[in-house]
Amino acid sequence: VSQSRYRGRGGFSSFKSLLERTLKDMRFLYIGIDPGLYGGISLYPLSIHRSKVFPMPTIKKQVKPRRVKRFLDYETLTVLWKTLLQKIDPTHVRIILEKAQAMPGQGIASTAKYLRDYGVLLGMVTFAGFSVREITASTWKRKMGLSSDKKDSILKAQELFPGLSLCPPNSNRTPSDGMAEALLLAWYGAHLLYREEYRDWE
């Protein structure tokens, strides 16, 4: 038994249609990726009003009779990267990916799964031909004046992207720090990491 948030209500075609509408007429794009099962992916075309953010595509699978686990949804991620390649020149895309690091207190199995998923994400975007920069959380947060507190990231994302919901679909309306940090990674890429290039693209 498996269940994905992107496979109901129209499935992949619905998700693909949303992406196509978002990407229409875009000439350049910054993408922020907060990896992990509760992370996010943001699309920032240098316009606050046209920006989008999605929770990381995941799928729930029953691994034992009474146990369900969440996994990265590789099929939905494939739809995302294929749609991007169809709608925008890959040389006009910059991806800012938060670099995976082992977390204190995290078990060996959880760490191995997280690093495997990170490797899949990095492999996908690299194979697609996108320019990718890996940035540690401590580096980009320090440059943006943020602490390690996830609440700070949510507040900063709400300040920079007012009106853009940080709540995953079908959630209890609690803002997602993963979606917030995906947006901040894209903003950091455009305004700090690729600052000179950003000026040329404006």
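Reader: Is M179 buried or exposed?

Author: This is a predicted model. Buried means under 20% relative accessible area. M179 has 2% relative accessibility, so M179 counts as buried. M179 lies in helix α6.

Reader: Which residues is M179 in contact with, leaving aside its neighbours within four places in sequence?

Author: M179 is in contact with G39, G40, V53, F54 and P55, and also with S165, L166, C167 and P168. For P55, there is a C-alpha distance as well: 5.8 Å from M179, although the two are 124 residues apart along the chain.

Reader: What share of the contacts in the protein chain join residues at least 24 apart?

Author: Among contacts between residues at least 6 apart in sequence, the share is 65%. The protein chain has 202 residues, of which 47% count as buried. Its secondary structure comes to seven helices and eight strands.

Reader: Which residues does W187 touch?

Author: W187 is also found in helix α6. Not counting residues up to four places away in sequence, W187 touches Y44, M144, L160, F161 and L192. W187 and Y30 are 157 residues apart in sequence, and their C-alpha atoms are 7.8 Å apart in space.

Reader: Where is H191, and is H191 buried or exposed?

Author: H191 is found in helix α6, which spans residues 177–193. With a relative accessibility of 17%, H191 counts as buried. H191 is 9.3 Å from L46, C-alpha to C-alpha, and the two are 145 residues apart in sequence.

Reader: Where does L46 lie?

Author: L46 lies in the loop between β3 (40–44) and β4 (52–55). Its phi is near 65°, a positive value in a residue other than glycine.

Reader: Now the packing of helices. How are α5 and α6 placed relative to each other?

Author: Two packed helices are described by the angle between their axes and the distance between the axes. Here α5 covers residues 150–160, and the axes of α5 and α6 come within 8 Å and cross at roughly 60°. The two helices are therefore oblique to each other. The crossing is left-handed.

Reader: Which residues of α5 and α6 meet?

Author: From α5 there are K150, S153, I154, K156, A157 and L160; from α6 there are D177, A180, E181, L184 and W187. The residues of this contact of α5 with α6 divide into six nonpolar, one polar and four charged.

Reader: How do the axes of α2 and α3 cross?

Author: Helix α2 (residues 74–87) and helix α3 (residues 108–127) have axes that come within 11 Å and cross at roughly 25°. Angles under 35 degrees count as roughly parallel, which makes α2 roughly parallel to α3. Their crossing is right-handed.

Reader: Which residues of α2 and α3 meet?

Author: Y74, L77, T78 and W81 in α2 meet R116, D117, V120, L121, M124 and V125 in α3. The residues of this contact divide into seven nonpolar, one polar and two charged.

Reader: Why do residues three or four places apart point the same way in an α-helix?

Author: An α-helix has 3.6 residues a turn, so residues at that spacing point the same way.

Reader: Which residues of α2 are buried?

Author: T76, L77, V79, L80, W81, T83 and L84 are buried in α2. This helix has 14 residues and reaches 20 Å from its first C-alpha to its last, close to the 20 Å expected at 1.5 Å a residue.

Notes. Residues numbered from 1 in each chain as written. Predicted model: local features only at pLDDT ≥ 70, side-chain atom pairs only at ≥ 80, totals over all residues. Heavy atoms only, no water. Axes fitted to C-alpha atoms, helices over the stretch in contact; angles between N-to-C directions. Helix = DSSP H or I, 4+ residues; strand = E, 2+ residues; numbered from the N terminus. Parallel < 35°, antiparallel > 145°, perpendicular 65-115°, else oblique. Left-handed = near helix turned anticlockwise from the far one by under 90°. Contact = heavy atoms within 4.5 Å. Nonpolar A, V, L, I, M, F, W, Y, C, P; charged D, E, K, R; others polar. Expected span 1.5 Å × (residues − 1). Buried < 20%, exposed > 50% of the residue type's maximum accessible area, 1.4 Å probe, protein only.
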